[in-house]
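These are my notebook entries on one structure. I set down what I looked up, entry by entry.

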Amino acid sequence: MVSIKDIANRCGVSVATVSKSLNGYPDIGEETRERVCRAADELGYLANASARALKTNRSYNIGVLFVDAQSSGLAHEYFSAVLDSLRVEAESKGYDITFINRAVGQRPTTYLQHCLYRGVDGVVIASVDFHDPMVVELVESSLPVVTIDHVFNNRIAIMSDNVHGMEELVRYAAGRGHRRLAFIHGERTVVTESRLIGFHRACEALGITPRKEYLIEGAFHDTASCYEATKKLLALPERPSCIFFPDDFSFIGGLNAITEAGLRIPEDISAVGYDGIHLSEVMSPRLTTWRQSTTGLGRLAAAKLIELIEHPQTTLIDRQIVSGRLWEGGSVKDLNASASE
């Protein structure tokens, strides 16, 4: 294994100069630093993690707390894409990723205890029950924390623009002549509340009064609950002309209920998803949806956490919004064109 001494011999400098060059000390000239770093790369030098931790007081390890209520884990296409972009950004800055859970081996722990045991420098919380006392304990600890799609006081939050996304979807459906709009929303979370606000804002601006029976609580990433909710909507005396689903994946449950009822999309009823996962593109017809920026969310979460870890005194604790875009598929019928025929 290549050592600092090997690099020193290659460059004709002292071991101390190599160490300072690799660790960014200001008393080393730029030319010398570049020569040492180039030699380290050519020789394939890898710093010992324990030694680096002793020198920098950092482990260069980021914890990720991801608990999917539906137990789909990394098969959850939306969050797996967010986490992958987070990983890429973290690794580009020299950090590794550790998933946080409630156990070390066979011994139960809290999330905070697991973080302390693993020695992580900070934590990204991507999906979890944010009201869980163990989550609150972690957020209220001294560890740097960044949350995705949830806001805590005095913590950085990376948010998808759920209000604007839902407003745009409603405007799109209304622009194609739909006024009987139903919304099967997810569990009551910050994300759900934001989308409900967007839904009602857009309806109000367009002069549409949502019917109470058209608003049904389902669950994110849960085909079973959306199947049942869709059946309820289809059984109404006057069914909606367009149904908004919590996400693209849960739409599969709605599609099954619509198909069982002998109806077709979009000829008999229209449908709108959310997230913009690959699944929405391969359906027939393609699902009209709001494509969230999974790359933007993951990269920004990692970048802001690393900034907070490395510059705690100057990093602004704020809420950052990541925009998305409407993906027009073929699942929303144009009622205006039908009326003019």
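**Entry 1: Lys-93 and its partner.** I began with Lys-93, which is partly exposed at a relative accessible area of 41%. For this term I take buried as under 20% relative accessible area, exposed as over 50%, and partly exposed as in between, with a 1.4 Å probe and protein chains only. The side chain of Lys-93 meets that of Glu-89 in a salt bridge, at 2.5 Å from N to O. I count a salt bridge where a side-chain nitrogen of Lys or Arg lies within 4 Å of a carboxyl oxygen of Asp or Glu. Glu-89 counts as buried, because its relative accessibility is 15%.

**Entry 2: Basis of the values.** I noted that this is a predicted model, in which local features need pLDDT of at least 70 and side-chain atom pairs count only at pLDDT 80 or more, while totals for chains, interfaces and linings use all residues. Residues are numbered from 1 along each chain as its sequence is written, and side-chain values use heavy atoms, with hydrogens and water left out.

**Entry 3: Other salt bridges.** How many salt bridges does the structure hold? I found 16. One of them joins the side chains of Arg-180 and Glu-238, at 3.9 Å from N to O. This pair links distant parts of the chain, 58 residues apart: Arg-180 is in the loop between α8 (162-175) and β8 (181-185), and Glu-238 is in the loop between α10 (223-234) and β10 (242-244). Helices (H or I, at least four residues) and strands (E, at least two) are DSSP runs, numbered from the N terminus. Arg-180 is partly exposed at 31% relative accessibility, and Glu-238 is partly exposed at 38%. I also recorded a salt bridge between the side chains of Arg-264 and Asp-268, at 3.5 Å from N to O. Asp-268 has a relative accessible area of 30% and is partly exposed. Asp-84, Arg-87 and Glu-91 are linked in a network of salt bridges.

**Entry 4: The sheet of four strands.** I then turned to an open sheet with the order β9-β8-β10-β11 and parallel pairing. Two strands pair if DSSP finds at least two bridges between them. Which strands stand at the edges? They are β9 (215-217) and β11 (270-272); each has a single partner strand, so one side of each is left without a neighbour in the sheet. From one strand to the next, the twist averages 20°. Between the parallel strands β8 and β10 I found three bridges, and Leu-181 stands opposite Cys-242 in β10. Helix α8 lies across β8, β10 and β11 and runs at about 170° to β10. Such axes are lines fitted to C-alpha atoms, for helices over the stretch in contact, and angles run from 0 to 180 degrees between N-to-C directions. Contact means heavy atoms within 4.5 Å.

**Entry 5: The sheet of six strands.** A further open sheet has the order β2-β1-β5-β6-β7-β13, with parallel pairing. Its edge strands, β2 (96-99) and β13 (319-322), each pair on one side only. The twist averages 20° from one strand to the next. Three bridges join the parallel strands β5 and β6, and Ile-125 stands opposite Thr-147 in β6.

**Entry 6: Nonpolar cores.** I defined a nonpolar core as a set of buried Ala, Val, Leu, Ile, Met, Phe, Trp, Tyr and Cys residues joined through side-chain atoms within 4.5 Å. The largest has 26 residues, and Ile-62, Tyr-95, Val-124, Ile-158 and Ala-301 have the most contacts inside it. The elements giving two or more residues to this core include β1 (61-66), β5 (122-127) and α13 (294-310). Helix α13 provides the largest share, seven residues. Beyond its neighbours within four places in sequence, Tyr-95 is in contact with several residues, among them Tyr-60, Ile-62 and Ile-306. A second, separate core of 19 residues includes Met-166, Phe-183, Trp-290 and Val-332.

Entry 7: Cys-11 is in helix α1 (residues 4-11) and is buried, with a relative accessible area of 10%. Not counting residues up to four places away in sequence, Cys-11 touches Arg-35, Val-36 and Ala-39. The C-alpha atoms of Cys-11 and Arg-35 are separated by 7.2 Å, although these residues are 24 apart along the chain. Ser-141 is in the loop between α7 (133-139) and β6. Ser-141 is buried at a relative accessible area of 17%, and, neighbours within four places in sequence aside, is in contact with Leu-112 and Arg-155.
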